[in-house]
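Biologist: Before I rely on the labels attached to this model, I would like to hear how each was reached. Could we set the values against the cut-offs, one by one?

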Amino acid sequence: MIPTRLVKSLIFISTLAIFLFFSSLGFAIGLPAFTENQPMPSLAPMLERSMPAVVNISTSTNVEGRENPLLQDPYFRQFFNIPKQSRQKNSLGSGVIIDSDKGYVLTNNHVIDKADKIMVTLTDGRQLNADLVGTDPEADVAIIRVPANNLTELPIADSSQLKVGDFVVAIGNPFGLGQTVTSGIVSALGRSGLGIEGYEDFIQTDASINPGNSGGALVNLRGEFIGMNTAILAPSGGNVGIGFAIPANMVMTIKESLVKHGKVRRGLLGVTTQDLTPELVKAFNLVNVQGAAISRIENNSPAEKAGLALGDIVVSANGKPIKNSHELRNIIGLLQIGDKVDIEYYRGDEKKEATAVIGKQEQVQLAGEKLHAKLQGTILSNTQRDQIEGIVIEKINTASYAWKIGLRPGDVIVSANQYRVRNIDEFKQAVDPKSELLLNVQRGQEAFFAMLN
């Protein structure tokens, strides 16, 4: 028997020999090889080409200032003829020039949301006023336009070719410091279900992304645009090496709609799905353990017309495997009205195929007072935001009772009188016009109850 110490020595010598062999051929562990007669390896040449295409964005927005609650009463303000107080809110972010001929700049919607003025600063010091072309709040994408004069654009890469471990570089304007570059790798692909955006298919990277990087570029080592830096996971408030970027393919698909229509005209398949759990797999006697289970189908919807039914397990859409409900929602969310979607699904142990034509989302609006007198001054409609179905408050009169108790435009009602409501029809059934009304309301990542009596 060979002594353990001798075995360890042999392993060490063999490993060292392999390392020296590959090093002699020009390979190195973690760093490019170079000799004294060669220039130092550097990302500088690539960055010199790429950085002029990444811009700093500053915005200013006039918002109502904080006041005494008494002064927020519209009747009190009108009686004493008190003007509204306002203050200016400024914010900083980043953007990417993707069309130098037309002056199109890509950024996040949250960077320019509700801005009264958008200013773009180029790397050569020029400051340009920008016009808004279009926004998609659900995917957090926006397009602005600046005068097309001596601009540099980034070439666009096919983000579907990315692999975990690919080297990437993030370029942006963190904390308003000015253009900054960080490097890292692709840590994961297809991140979804994070609750950051309505449509999520993130590239995860450990390249440092901080506040102000939003809207900036994630590029490969060829200097090609592969994603737009959007968010970070920061439990302690600082960067912990978990950043997220929207893939270039997804961004460019949205960009086409924004340039053409000013918004994304998303179509409707007409299904609600949920992820498969071990309990569902067992209950449905499934062999396949990945997919999206159809839990609800709207009447006369494209899905119903295509023959889909409750309990069907969708495993593929337009040739792309479906692992969960988020992936199906992302694919459908990027399709336009009239597009076809080929769906593979299981019904029991039988695999089936169907083709659905994406339909138009019907915007059913209703005056709130038709449901309950205390909702007078509101306009309600069905919605599905951030995976939540409910009734959204589209408009609200600032002099109404609903406004006084704290309801605001964009709030989503998810239950009424402790009954889950997903649409206006279910809301009608839960509301008694002659009794008080208890609402459970979702506002962004927050939720609260509101009593109307």
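Biologist: Why does Lys351 count as partly exposed?

Modeller: This is a predicted model, and its relative accessibility for Lys351 is 46%. Buried means under 20% and exposed over 50%, so Lys351, at 46%, counts as partly exposed.

Biologist: What makes Lys351 and Glu344 a salt bridge?

Modeller: The side chains of Lys351 and Glu344 meet at 3.4 Å, N to O, and the rule asks for a side-chain nitrogen of Lys or Arg within 4 Å of a carboxyl oxygen of Asp or Glu, so the pair qualifies. Glu344 is itself partly exposed, with a relative accessible area of 26%.

Biologist: How many salt bridges does this rule give?

Modeller: The count comes to 11 salt bridges. Among them is the pair of Glu138 and Arg329, whose side chains meet at 3.9 Å, N to O. This pair links distant parts of the chain, with Glu138 in the loop between strand S5 (127-136) and strand S6 (141-145) and Arg329 in helix H8 (residues 325-333), 191 residues apart.

Biologist: Are Glu138 and Arg329 buried or partly exposed?

Modeller: Glu138 has a relative accessible area of 22% and is therefore partly exposed, whereas Arg329, at 10% relative accessibility, counts as buried, because the cut-off for buried is under 20%.

Biologist: What makes the phi of Lys114 worth a remark?

Modeller: Phi of Lys114 is near 60 degrees, a positive value in a residue other than glycine. Most residues other than glycine have a negative phi. Lys114 lies in the loop between helix H4 (109-112) and strand S4 (117-121).

Biologist: Where does Asn417 lie, and what is its phi?

Modeller: Asn417 lies in the loop between strand S24 (412-416) and strand S25 (419-420), and has a positive phi of about 55 degrees although it is not a glycine. With a relative accessible area of 23%, Asn417 is partly exposed.

Biologist: How do you know that the length of H5 agrees with what a helix should span?

Modeller: At 1.5 Å a residue, the 14 residues of H5 should span 20 Å, and the end C-alpha atoms are 20 Å apart, so the two values agree. The buried residues of H5 are Ala248, Met250, Val251, Met252, Ile254, Lys255, Ser257 and Leu258. Just after H5, Gly262 takes a positive phi of about 85 degrees.

Biologist: Which residues gather in a patch of positive charge on the surface?

Modeller: The patch consists of Lys260, Lys263, Arg265 and Lys360. Lys263 lies in the loop between helix H5 (248-261) and strand S13 (267-268). A patch residue needs over 30% relative accessible area, and Lys263, at 49%, therefore passes that cut-off while still being partly exposed.

Biologist: Which residues make the nonpolar surface patch, and why can Leu221 be one of them?

Modeller: Leu43, Phe167, Ile185 and Leu221 make a nonpolar surface patch of about 330 Å². Leu221, found in the loop between strand S10 (217-219) and strand S11 (225-232), has 42% relative accessibility and counts as partly exposed, so its value is over the 30% that a patch residue needs.

Biologist: How far apart in space are Lys323 and Gln290?

Modeller: Lys323 and Gln290 are 4.8 Å apart, C-alpha to C-alpha, and 33 residues apart in sequence.

Notes: Residues numbered from 1 in each chain as written. Predicted model: local features only at pLDDT ≥ 70, side-chain atom pairs only at ≥ 80, totals over all residues. Heavy atoms only, no water. Patch = residues over 30% accessible without salt bridge, like charges linked within 9 Å, V, L, I, M, F, W, Y side chains within 5 Å. Areas by Shrake-Rupley, 256 points an atom, 1.4 Å probe, with all protein chains shown as cover. Lys, Arg positive; Asp, Glu negative; His and termini not counted. Charge placed at Lys NZ, Arg CZ, Asp CG, Glu CD. Helix = DSSP H or I, 4+ residues; strand = E, 2+ residues; numbered from the N terminus. Buried < 20%, exposed > 50% of the residue type's maximum accessible area, 1.4 Å probe, protein only. Expected span 1.5 Å × (residues − 1).
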